[in-house]
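Q: Hi! Could you walk me through this one?

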Amino acid sequence: MVKGIMVLCISLIFFFLAAKIRSSLKRDTIKRKRYNRALGTIAQVIYSDSGNVRYDVSFRDKGVQVLAQTDYYSSSTKSLNPGDEVEIGYYYIDGKIPRAVIHDDRIIPCANSVPGFCMFLTIIGAVLLVTALIMIVK
């Protein structure tokens with residue numbers, strides 16, 4: 001009975017994590033839908049320890065030169081080089097911190113793998129929930 005309740009608690013934690021990740025992804029998507037478009041220049045390429053790539057992009061906003069960072073992009077796609085011009089969408093976090101989204105078919109954002117991870121957490125939570133219910137009923 002105690003083991004069943006512990007497994008039930010663990011399954012609820014998995015469901016909670018999946019819901020939090022999904023809701024934060026939706027909030028981020030809503031922010032990105034409200035961005036402005038511009039033509040930017042890749043200023044710097046930053047490689048992470050996992051091999052994914054993040055870019056610093058320079059662009060003009062209302063006559064002012066702005067340097068914004070992007071999210072990470074998959075290392076399995078062709079990377080862009082400093083000096084390359086790209087079409088971007090940009091927005092400001094809390095009205096202060098500039099962020100950019102690169103609109104290029106050659107690169108894939110790492111965030112595209114997050115929904116699959118949420119589904120994985122949900123499936124694990126469901127399996128643990130069924131297991132917990134079986135343990136509690138016995």
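A: Happy to. One term to start: contact means heavy atoms within 4.5 Å. This is a predicted model, where local features need pLDDT of at least 70, side-chain atom pairs count only at pLDDT 80 or more, and totals for chains, interfaces and linings use all residues. Residues are numbered from 1 along each chain as its sequence is written, and side-chain values use heavy atoms, leaving out hydrogens and water.

Q: Leaving aside neighbours within four places in sequence, what is Ile102 in contact with?
A: Beyond those neighbours, Ile102 is in contact with Ile42, Tyr55, Val57, Thr70, Tyr73, Leu80, Val86, Glu87, Ile88 and Ile107.

Q: How many residues does the largest nonpolar core have?
A: The largest nonpolar core has 19 residues, and Ile102 is among those with the most contacts inside it, as are Tyr55 and Phe59. Such a core is a set of buried Ala, Val, Leu, Ile, Met, Phe, Trp, Tyr and Cys residues joined through side-chain atoms within 4.5 Å. Buried means under 20% relative accessible area, exposed over 50%, partly exposed in between (1.4 Å probe, protein chains only).

Q: Now the strands: how do E2 and E3 run?
A: E2 and E3 run antiparallel, joined by six bridges. Strands (E, at least two residues) and helices (H or I, at least four) are DSSP runs numbered from the N terminus, and two strands pair if DSSP finds at least two bridges between them. Phe59 has Val66 in E3 as its bridge partner.

Q: And in which sense do E3 and E5 pair?
A: Parallel, over two bridges. Thr70 has Ala100 in E5 as its bridge partner.

Q: Changing topic, where does Phe120 lie?
A: Phe120 lies in helix H2, residues 114-137. Phe120 counts as partly exposed because its relative accessibility is 49%.
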